[in-house]
Amino acid sequence: MVREDVNRASGSLEGQVRGANKQGRALAEGLIGIVCSHGNLSRAFKQVKRNKGAAGVDNVPVGKFSDWFATHGNELVELILQGSYYPTAVRSVTIPKPNGGERQLGIPTVQDRVIQQAIMQVLSPLYEQDFSDHSYGFRPKRNAQQALSKASSYVSEGRYIVVDMDMKSFFDEVNHDRLMCQLSKKIGDKALLRLIHRYLRSGILTGGVTSVRLKGTPQGSPLSPLLSNIVLDELDKELEERGHCFVRYADDFSVFVRSQRASERVKESISAYLTTKLKLKVNQEKSVCCESSKTKFLGYTILNNGTLIIADSSVKRLKSKVRLITKRNRGRSLETIVSELTPVLRGWLNYFKFASCKRLLRNLDAWIRRKLRCYRLKQCKKTIAMKRFLKSQGVPSWQSWILALSGKGWWRKSGCPQAHQAMNLEWFIRLGVYNMSIIYHQFRVNLKPPCTRVRTVV
C-alpha cells in the first residue's frame, strides 16, 4: 500500500512537470511534503537498510534507526517542513582507485541517508522523463551491459575512432551554483531546494576537524548519483544537438567518430565546453583520441569490428584481489580462504559473463586452483606433515616423500604431479571452490538468442 501511495504521488508530479515545462515555469510547490510523507520515508528506510553501509559520525548503525525514528520521527519531519533542519557532517573515508591513487568518500549518518533517499525517490521520476537515451549510469532499468552494447554497435558501424574523455575528480568539482540553478528550473519548492543546498554544503569530518564543502557532491550519499546525472544532462543535450554518437555511464563517457581528424576536433570542443560552461576539469593526460581497440570502456575493450573483449587491466585487478586473499602468511583456514574468494569471483563473472571468455576462464580457474594448492601445502609446514597429507589423498608413499623432501619453493611444489593428484578437480569441488568455467558454461547454454557478438582475446 505504501508503494502504491508513492507511485501515485510520483505520477501526479510528473504531470505537473510536463505542464510546467509547456508554460515555461518551474514546478509547483509542495514537494517537501511528499518527501516527508510517512510512506515515502518508510520506503526510503527500507532501501537504506537494504544497502547496509557503515555508520556516520554519530556511530548510529542502520539497525537502530527504526527505534530512534519511532520516538523522534515526528520531530524530525517537523524540523524539515519548517526549514530548520541542518544535516550532520559526513564522515570522510578514502578507498584505493583501481588505477592508483585514492578516492574520497563521504559517509552520512543513517538519518541523513534516509532523508536523501526520500528526496531521490521523489525527484528521480521527475528527471527520468527528460534524461538522455545515451545515459546509462545510476538509472532505473539501465546498466553497463546496455551501454557496452550501444558502444559496440557504434564501432561496428564504422565509428571505431573513440574520443575517450576523462573528467578530473568530477564528484569533487561540481559547481554548486550551476547545479542549484539547474534544479530551480524544475523544482519550485524553495524549502526542498534549501534542504538540497544544505546537503551540498554539509561539512566533512576528517581527523576530528570539520571543513565546509564549497563545491562537489559527496560520493557515498544516496542523492549524489541523481545530482551527477542532472549536472551531466547538460552535456548529453549538447552532444545530441551536435549530432554525436556517444555513450555515457556516470562521469565516464566516450564519443565515437569515423576519423582521427574528427576526433581531435571533437575532443577540443568538448574540453572547452566542460571547462567554460560546466565549470568542470578535464584530465588532458588521460583523455585520448584513438582506435577503440587501444582503450577501454567500463572494463571492456571494443575491437575495431565491434567485438567486445575483456580489458587486460580488468584481469590484472582480479588477479591482484586473488593474490591478497590467498597470501600464504595469512594464517587462515583453507575453508575461510575459499569463502572469501567466492563473492569476488562470482561478482567478477557476473559482470563479464556476456563476453565469450571460455579459454580465459579456464586458465583463471587453473591458476586459482594452483594458488590454493600452494596455500594448502604451506599449511603442512613440516616435511612429515606434507607426506602424510599427500598419502591421505591417495598419492603413493614414495612419491609423497619425493615432493615433501624437495627443496623447491612452495609455488613450484604446487605445480608438481603429486600436488595435482592429491588436490584434483574433484577435491576442489568438495571444498566448494567457485568454478567460473562451469558457471559460465551454464549461463551460455541458457542464454537465449539473439546475443551480442562478443569474445575475449587472451
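This is a predicted model: local features need pLDDT of at least 70, side-chain atom pairs count only at pLDDT 80 or more; totals for chains, interfaces and linings use all residues.
I number residues from 1 along each chain as its sequence is written, and side-chain values use heavy atoms, with hydrogens and water left out.

**Entry 1: overall tally.** I looked up the secondary structure and got 20 helices and ten strands for the protein chain. These are DSSP runs numbered from the N terminus, with helices being H or I of at least four residues and strands being E of at least two. Then I checked burial: 48% of the 458 residues of the protein chain count as buried. For that label, buried is under 20% relative accessible area, exposed is over 50%, and partly exposed is in between (1.4 Å probe, protein chains only).

**Entry 2: the sheet.** In what order do the four strands of the open sheet come? I read S6-S7-S3-S8, with antiparallel pairing. Two strands pair here if DSSP finds at least two bridges between them. The edges are S6 (245-249) and S8, each of which pairs on one side only. Ignoring direction, neighbouring strands of this sheet are turned by 20° against each other on average. Angles run from 0 to 180 degrees between N-to-C directions, and axes are lines fitted to C-alpha atoms, for helices over the stretch in contact.

Next I followed strand S3 (residues 161-166). Five of its six residues are buried, so S3 is largely enclosed by the rest of the structure. With S7 (residues 252-257), S3 makes six bridges in the antiparallel sense, and there Val162 has Phe256 as its bridge partner. I picked out two of the positions facing S8: Ile161 stands opposite Glu291, and Asp164 has Val288 as its bridge partner.

I also checked which helices sit on the sheet. Helix H6 (residues 144-156) packs on the sheet and touches S6 and S7, with its direction at about 160° to that of S6. H10 lies across S6 and S7 too, running at about 175° to S6.

**Entry 3: helix H20.** Which residues of H20 (residues 436-446) are buried? I found Met436, Tyr440 and Phe443. Seen down the helix axis, they fall within an arc of 60°, so they line one face of H20; the arc is that of the directions from the helix axis to the C-beta atoms. The buried residues of H20 pack against helix H13 (334-352) and helix H14 (358-380). On the other side of H20, I see His441, Val445 and Asn446 exposed. I looked at the start of H20 as well: Asn435 caps the N-terminal end, with a side-chain oxygen 3.1 Å from the backbone nitrogen of Ser437. For a polar contact I use a pair of N or O atoms within 3.5 Å; within protein, one must be able to donate a hydrogen and the other to accept it, and residues adjacent in sequence count only if both atoms are side-chain atoms.

**Entry 4: salt bridges.** Searching the whole structure, I get twelve salt bridges. The cut-off is a side-chain nitrogen of Lys or Arg within 4 Å of a carboxyl oxygen of Asp or Glu.

- Arg178 pairs with Glu234, closest N and O atoms 2.8 Å apart. Arg178 lies in helix H8 (residues 176-184) and Glu234 in helix H10 (residues 224-242), so the pair ties together parts that are 56 residues apart in sequence. Arg178 is partly exposed at 21%, whereas Glu234 is buried at 13%.
- Glu157 and Arg159 meet at 2.8 Å, N to O. Glu157 is partly exposed at 47% relative accessible area, but Arg159 counts as buried at 19%.
- Glu340 pairs with Arg332, with 3.3 Å between the closest N and O atoms. I have Glu340 as partly exposed at 24% and Arg332 as partly exposed at 40%. As for networks, salt bridges that share partners join Glu173, Lys215 and Lys281 into one.

Terms used. Contact means heavy atoms within 4.5 Å.
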